[in-house]
Amino acid sequence: MSNAPTRPPRLIVGLGNPGAEYAETRHNAGFWFCERLAATLGVRFAHESRFHGLVANARDAGMWLLMPQTFMNRSGQAIGALARFYRIEPAEILVVHDELDIPPGQLRLKFGGGLGGHNGLKDTSAHLYTNDYWRLRIGIGHPGDRNEVVNFVLKPARREEQQLIDEAIDKALAIWPQLVRGELNAAATRLNARPAQPKPPKPPKAPQPAAAPDTAATEPPKEEPQP
């Protein structure tokens, strides 16, 4: 992380699948973030066929927002087209995506590294010719069985999970001013901190033995013989 670039991102990309049938599925967490960010910045998305996606220009922040409409495994087609047109370097791109290896409610902000088998990241790296771009990973949890992953990501989260995911997106939006200033390392330190584990309850105290009665106080005084 110490070698990560610190200039502000010029392109924010949310990964997901287009269409109403996918709108509420876990794989669309990147779209959810971008939609919330656009509402926060007061900008609207419009379809741009040359960029194969929905695009918003956040002029005040000096950046573009993109939601590819090419389906997840072809996300890089849209990202590469917009980045080349506006001469945006990979290190100036932040890709927001769902992450199986992080539980709901948690986030990770990182630069570069592996792709974790994520098809959207694989295609992004193929079109950018590098893994060296920023990623904001939104935890969605894991089904526990690798054979169930596809079915899992293409279904809506349970209500309690969705609440945690929404709260995580709130945390990411809260550090947005740091991202705009290029303080990505500081933002990563805040976002990547794992929540403190609750302390185990203290064991109940053992009952104390009852005190022996004070016989001197309870026994009646003995009568002394009279002279």
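Trainee: Why is Val149 called buried?

Mentor: This is a predicted model, and in it Val149 has a relative accessible area of 18%. Buried means under 20%, so Val149 counts as buried.

Trainee: Where is Val149, and what does Val149 touch?

Mentor: Val149 belongs to helix H4. Leaving aside residues up to four places away in sequence, Val149 touches Leu100, His142 and Pro143. Val149 and Leu100 are 49 residues apart in sequence, with 8.5 Å between their C-alpha atoms.

Trainee: Which residues lie nearest the centre of the largest pocket?

Mentor: Val149 is one of them, together with His27, Gly117, Asn119 and Val153. The lining has 17 residues, and the elements that give two or more of them are strand S5 (93–99) and helix H4 (149–153). H4 gives the most, with three residues.

Trainee: How much space lies in the largest pocket, and what makes up its lining by class?

Mentor: The space is about 400 Å³. By class, the lining has seven nonpolar, seven polar and three charged residues.

Trainee: What makes Phe71 partly exposed?

Mentor: Phe71 has 38% relative accessibility. Exposed means over 50% and buried under 20%, with partly exposed in between, so Phe71 counts as partly exposed. Phe71 sits in the loop between S4 and H2.

Trainee: And why is Tyr129 called exposed?

Mentor: Tyr129 has 77% relative accessibility. The cut-off for exposed is over 50%, so Tyr129 counts as exposed. Tyr129 is in the loop between H3 and S7.

Trainee: What is the backbone doing at Phe71 and Tyr129?

Mentor: Phe71 has a positive phi of about 75° although it is not a glycine. Tyr129, not a glycine either, has a positive phi of about 60°. Most residues other than glycine have a negative phi. Arg87, which follows H2, also has a positive phi, near 55°.

Trainee: Why is helix H2 described as largely enclosed?

Mentor: Helix H2 covers residues 75–85, and eight of its 11 residues are buried, so H2 is largely enclosed by the rest of the structure. The buried ones are Ser75, Gly76, Ala78, Ile79, Gly80, Ala81, Leu82 and Ala83.

Trainee: What covers the buried residues of H2?

Mentor: The cover includes strand S1 (11–14), strand S3 (53–58), strand S4 (63–68), S5 and helix H3 (119–128). H3 has buried residues too: Gly120, Leu121, Asp123, Thr124, Ser125 and Leu128. What covers those includes H2, S5 and strand S7 (134–139).

Trainee: How do you know that S1 pairs with S4 and with S5?

Mentor: Pairing needs at least two bridges between the strands. S1 and S4 have three bridges, in the parallel sense, so they pass. S1 and S5 have four, also in the parallel sense, so they pass as well. To find these pairs in the model, look at Leu11 opposite Trp64 in S4 and at Gly14 opposite Val96 in S5.

Trainee: Which way do the residues of S1 point?

Mentor: Leu11 and Val13 point one way from S1, Ile12 and Gly14 point the other way, and all are buried. In a regular strand the side chains alternate between the two faces of the sheet.

Trainee: Which residues have the most contacts inside the largest nonpolar core?

Mentor: They are Ile12, Phe33, Leu109 and Leu136, in a core of 38 residues. Helix H1 (residues 29–41) gives the most to this core, with seven residues. Apart from this core lies another, of 20 residues, among them Leu11, Leu66, Ile79 and Leu82.

Trainee: And what does Ile12 touch?

Mentor: Not counting residues up to four places away in sequence, Ile12 touches Phe33, Cys34, Leu37, Met63, Trp64, Leu65, Leu66, Leu94, Val96 and Trp176.

Trainee: How many helices and strands does the chain have, and what share of its residues is buried?

Mentor: The chain has eight helices and seven strands. Buried residues make up 45% of its 227 residues.

Methods
Residues are numbered from 1 along each chain as its sequence is written. This is a predicted model: local features need pLDDT of at least 70, side-chain atom pairs count only at pLDDT 80 or more; totals for chains, interfaces and linings use all residues. Side-chain values use heavy atoms; hydrogens and water are left out. On a 1 Å grid over the protein atoms alone, a cavity is a set of points where a 1.4 Å probe fits but cannot get out, and a pocket is an open set with protein on both sides within 12 Å along at least five of seven lines; lining residues have an atom within 4 Å of a point. Grid points are joined across faces, edges and corners, and a volume is the space filled by probe spheres set on the points. Ala, Val, Leu, Ile, Met, Phe, Trp, Tyr, Cys and Pro count as nonpolar, Asp, Glu, Lys and Arg as charged, and the others, Gly among them, as polar. A nonpolar core is a set of buried Ala, Val, Leu, Ile, Met, Phe, Trp, Tyr and Cys residues joined through side-chain atoms within 4.5 Å. Buried means under 20% relative accessible area, exposed over 50%, partly exposed in between (1.4 Å probe, protein chains only). Contact means heavy atoms within 4.5 Å.
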